[in-house]
Amino acid sequence: MNFTAPAFTWAEREPRRRAVVVEGRQYTYGDLAAEASRFAAGLAARGVRPGDRVALMMNNRWEFVVAYYGTVRMGAIIAPMNTLLKGEEIAYQVQDLGAAVFVGNDWASPEFARIRERTPSVSLFLSTLPLPGATPFREFLAQAPGEAPLRETDPDDVALIRYTSGTTGKPKGAMQTHRNISAFLDATLATQDLTAEHRPLVFVPLFHGFGDHCMMNQVLRTGRDFVLMDPFDPEAILAAIQRYRCTSFGATPSMLWGLIHYPERARFDTSSLREVITGGAPVPFELLQQFQAAFGTLPLEGYGLSEGTAGYTYTRADLERRPGSCGVALPGVEIRIVDDEGRELPPGAVGEIAVRSPFNMKGYWNRPEETRQVLRDGWLYTGDVGKVDENGFLYILDRKTDMIIMSGENIYPSEIEEVLLQHPAIAEAAVVGVPDERRGEIPKAVVVLRPGTHLTAEEVQEHCRQRLAFFKVPKIVEFRDWLPRNAAFKVIKSELR
């Protein structure tokens, strides 16, 4: 059960069938099979074996698709990485993986030297740009010794590792198996009524589950094609919908907001749109209605997390919409609300969301204790707080953790607090999420300075900017003389919020 097999079957049947359009160029299923199999053969020639990890840090481009499918084709494990990460963050994940290969492009190049210094496990660096110590991507494909066959895998073999910070501490790699991914794709495709004209526009990052599993892998499993672009550019998106008659796309709430408020949107014909999917952050129902008024379709919502492959619920077009709800469970998914002792609560009661599903991850990479904490008796305890009504609609109310979700990006306060406390003038720091109309939430830092020191908000932000991905940098900095604490001396973040 290799979850990429259907795409290669389409290549055998109809090699000239269009698969991907990117930057105006069309690639067929035959192109995908040829280049992915050469990539796989090149990895094997360099000593990469099934089960080895390949770190992929690349934005939305054809080479991402080739490296992704080529890695999985030969039984190695693909590890897509957020292109917004900085050198130390990248090095940590690559080291934690024990990755044998690192594949990057211009998004990774500014950090390349630091990555090489900190990642001794990597024996092969590939880059789409000429960089010292890296093999050019195209040269690597050209030198590959033929093509590698599709490797049949055990359903419970790990296919992909995606990093998530979980509740606390350093990021953890959620292991997704071929069974997990195949089950998710089959379940989501079973809920869709796809026509021959189905052509998604993909501009959400492919390194996210929203981009690869919910968009790319679904399309390539069905023999259809998609239009790939990057980065988010409202005019380019609207022009692509018009040019290619795209029928759907996925977007975070902030992207919907950007398209609604783009002043020139009326110039473009977007009448081909049939379905828009949104997720990655809570979505105000008013925003969904504004989008429907502007584009004629009411976006569908979903709920999921990396530990659950990509998604657990969705809002079905054939069911009524309930404001505040992220829909009903996908086929094969069981959701229950539990109290602090793990006892199931009745409909309408508020508690932690637990899920039993074939999509649930195998566990966290090299972290058995953290795995035991979230996977218990076949159920995944999400750390999210919500309720389920009598008709099975799920509502996300809060989080047991302090995680912040800004424009679909997960932000973990502990990471930012650790960086803040590295500054010699900062004595104490706490980070909380505050509401933001456009982005859902934004991180706010509350800082206590050491006596006799002085900092501006801009200086604090610059300190963070040098050490964190830009989306993690606090958007608001407040200076206080003290932080509210409880009897155990823990910061009372609810009071700060």
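Strand 26, which covers residues 440-449, runs parallel to strand 27, and four bridges join the two. One of the residues involved is Ala-445, whose bridge partner in strand 27 is Val-477. Please bear in mind throughout that this model is predicted.

These strands belong to an open sheet of three strands, with the order 25-26-27 and mixed pairing. At its edges are strand 25, residues 426-436, and strand 27, residues 476-479, each of which pairs on one side only. From one strand to the next, the twist averages 25 degrees. Helix 13, formed by residues 413-420, packs on this sheet and touches strand 25 and strand 26. The direction of helix 13 makes about 145 degrees with that of strand 25.

Let us stay in this region for a moment. Between helix 13 and strand 25 there is a loop, and His-423 has its place there. Is His-423 buried or exposed? Its relative accessible area is 16%, and buried means under 20%, so His-423 is buried. Which residues does His-423 touch, leaving aside those up to four places away in sequence? They are Leu-455 and His-463.

Leu-201 has Val-227 in strand 11 as its bridge partner.

My last topic is the aromatic rings. How many aromatic pairs does a search of the whole structure find? The search finds 15. To describe a pair of aromatic rings, one gives the distance of the centres and the angle of the planes.

Consider Phe-39 and Phe-140, whose ring centres are 5.5 Å apart. Their planes stand at 70 degrees, and an angle over 60 counts as edge-to-face, so this pair is edge-to-face. The pair links distant parts of the chain, for Phe-39 is in helix 2 (residues 29-45) and Phe-140 is in helix 6 (residues 137-143), 101 residues apart. Phe-39 counts as buried, at 0% relative accessibility, and Phe-140 also counts as buried, at 4%.

Phe-470 and Phe-471 form another edge-to-face pair, with 6.4 Å from centre to centre and 85 degrees between the planes. Here Phe-470 counts as exposed, at 52% relative accessibility, whereas Phe-471 counts as buried, at 3%.

Some rings also form a group: Phe-3, Phe-8, Phe-64, Tyr-68 and Tyr-69 make up one aromatic cluster. Finally, there are charges placed over rings. The charged end of Arg-13 sits over the ring of Trp-10, at 5.4 Å from the ring centre. Likewise, the charged end of Arg-376 sits over the ring of Tyr-381, at 3.8 Å from its centre.

Thank you for your attention.

Conventions:
Residues are numbered from 1 along each chain as its sequence is written. This is a predicted model: local features need pLDDT of at least 70, side-chain atom pairs count only at pLDDT 80 or more; totals for chains, interfaces and linings use all residues. Side-chain values use heavy atoms; hydrogens and water are left out. Two strands pair if DSSP finds at least two bridges between them. Axes are lines fitted to C-alpha atoms, for helices over the stretch in contact, and angles run from 0 to 180 degrees between N-to-C directions. Contact means heavy atoms within 4.5 Å. Buried means under 20% relative accessible area, exposed over 50%, partly exposed in between (1.4 Å probe, protein chains only). Rings of Phe, Tyr and Trp (its six-membered ring) pair if their centres lie within 6.5 Å; planes under 30 degrees apart count as stacked, over 60 as edge-to-face and the rest as tilted. A charge sits over a ring if NZ of Lys or CZ of Arg is within 6 Å of the ring centre and within 35 degrees of the ring normal.
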